[in-house]
Amino acid sequence: MALGMLVKGKWIAERNDQDRNGKFQEKPTTFRDRVTADGSSGFKAEAGRYHLYVSLACPWAHRTLIMRELKGLNDTVSVLIADIILGDRGWSFSQASEAMPDNPIQYLQEIYLKADPKFTGRVTVPVLWDKQKQTIVNNDSLEIMRMLDVEFEAFSTQTINFYPHNLREKIDQTINSIYLPINIGVYRAGFATSQVAYEEAVTQLFEHLDRWEMVLSQQRHLCGNQLTEADICLFTTLYRFDSVYYGHFKCNLRRIVDYPNLWNYLKDLYQRPEFKATCNLDYVKHGYYMSMPDINPNQIIPKGPIINFDSSTERSLAD
Ligand SMILES: N[C@@H](CCC(=O)N[C@@H](CS)C(=O)NCC(=O)O)C(=O)O
């Protein structure tokens, strides 16, 4: 989803997001507190206390929705979904007043200013909000996903953990190794303002996709045969790839469907009910193609491609 800002209703891919070589630079998130099971952080894990603000189009927010489903925390952490289009005042929530009568916001900006009246940074989703202290705990998708996985164990209906101790080093390494070339890489290609920056991003992106295609010929998941947080981090980019990044961001050396192992891996994850429940490709396409007039001036939404994520996966590798 969009990274940039809106000036007088006109979407501007935030020029200062690009360095002088036209290379897109991701900005660090700003609210980095933590919910902990024992409350030592000042934010104790409790049912009904925390709320997630998300967009179904956003690959970062998507991570947190998948973990919430996988851990069975739907009754523990509530969610509010933003309106499809990222409007001229940023994320809006026309459903807020019904869904959150105690905190009826119209724009996500209000939440950021409530947490920090002097806030001037990017107003991004996902946001983990504390209804008790009326403030933002965290707005970093990886950290929020981890908290839902590890700190809310007591409320989880699932005993499985996606960040097991014996794999933590490998999971962290894997998440780091897909972040810049793939998760951010598609944005670097899409928002590049020079041919050099674009070609550097797209070349690196496909080098890394080629590499994971090989790895997934030997094992079912990125860190072996067990599903981990790293798979969630790759899934949200792969799910959007052929419908958005291939055309809209010019990441078009190959489609994911052209990679036998990556394509089966993507379907294998998608067909898990906890993943599928969080996926809405129409919402994703509207969100990307209608929120960036810089890249898609007439805001036309392509009808294709026709992708069947429910087709059989030739994944013989055991779980
Ligand atoms: N690093 C953040 C990135 C979040 C992010 O960039 N979210 C985008 C949507 S995909 C956003 O809210 N953009 C709004 C804007 O830039 O104004 C994370 O991982 O949570």
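Trainee: How are H1 and H4 oriented to each other?
Mentor: In this predicted model, H1 and H4 have axes that cross at roughly 5 degrees and come within 8 Å. Angles under 35 degrees count as roughly parallel. The two helices, H1 and H4, are therefore roughly parallel to each other.

Trainee: Which residues in H4 are met by residues in H1?
Mentor: The H1 side of this meeting consists of Trp60, Arg63, Thr64, Met67 and Arg68. Their partners in H4 are Ser141, Leu142, Ile144, Met145, Leu148 and Asp149.

Trainee: Is Arg68 buried or exposed, and which side chain of opposite charge is nearest?
Mentor: Arg68 belongs to helix H1, which covers residues 59-70. Arg68 is buried and has no salt bridge. A salt bridge requires a side-chain nitrogen within 4 Å of a carboxyl oxygen, whereas the nearest side chain of opposite charge lies 4.5 Å away and is that of Glu69.

Trainee: Beyond four places in sequence, what is Arg68 in contact with?
Mentor: One of these contacts is Leu148, a residue of H4 that takes part in the meeting with H1.

Trainee: How do H4 and H7 pack, and which residues in H7 meet H4?
Mentor: Helix H4 (residues 141-150) and helix H7 (residues 229-245) pack at about 140 degrees, with axes 11 Å apart. That angle makes H4 oblique to H7, and the crossing is right-handed. From H4, Leu142, Met145, Arg146 and Asp149 take part, and in H7 they meet Glu229, Ile232 and Cys233.

Definitions and conventions: Residues numbered from 1 in each chain as written. Predicted model: local features only at pLDDT ≥ 70, side-chain atom pairs only at ≥ 80, totals over all residues. Heavy atoms only, no water. Helix = DSSP H or I, 4+ residues; strand = E, 2+ residues; numbered from the N terminus. Buried < 20%, exposed > 50% of the residue type's maximum accessible area, 1.4 Å probe, protein only. Lys, Arg positive; Asp, Glu negative; His and termini not counted. Contact = heavy atoms within 4.5 Å. Axes fitted to C-alpha atoms, helices over the stretch in contact; angles between N-to-C directions. Parallel < 35°, antiparallel > 145°, perpendicular 65-115°, else oblique. Left-handed = near helix turned anticlockwise from the far one by under 90°.
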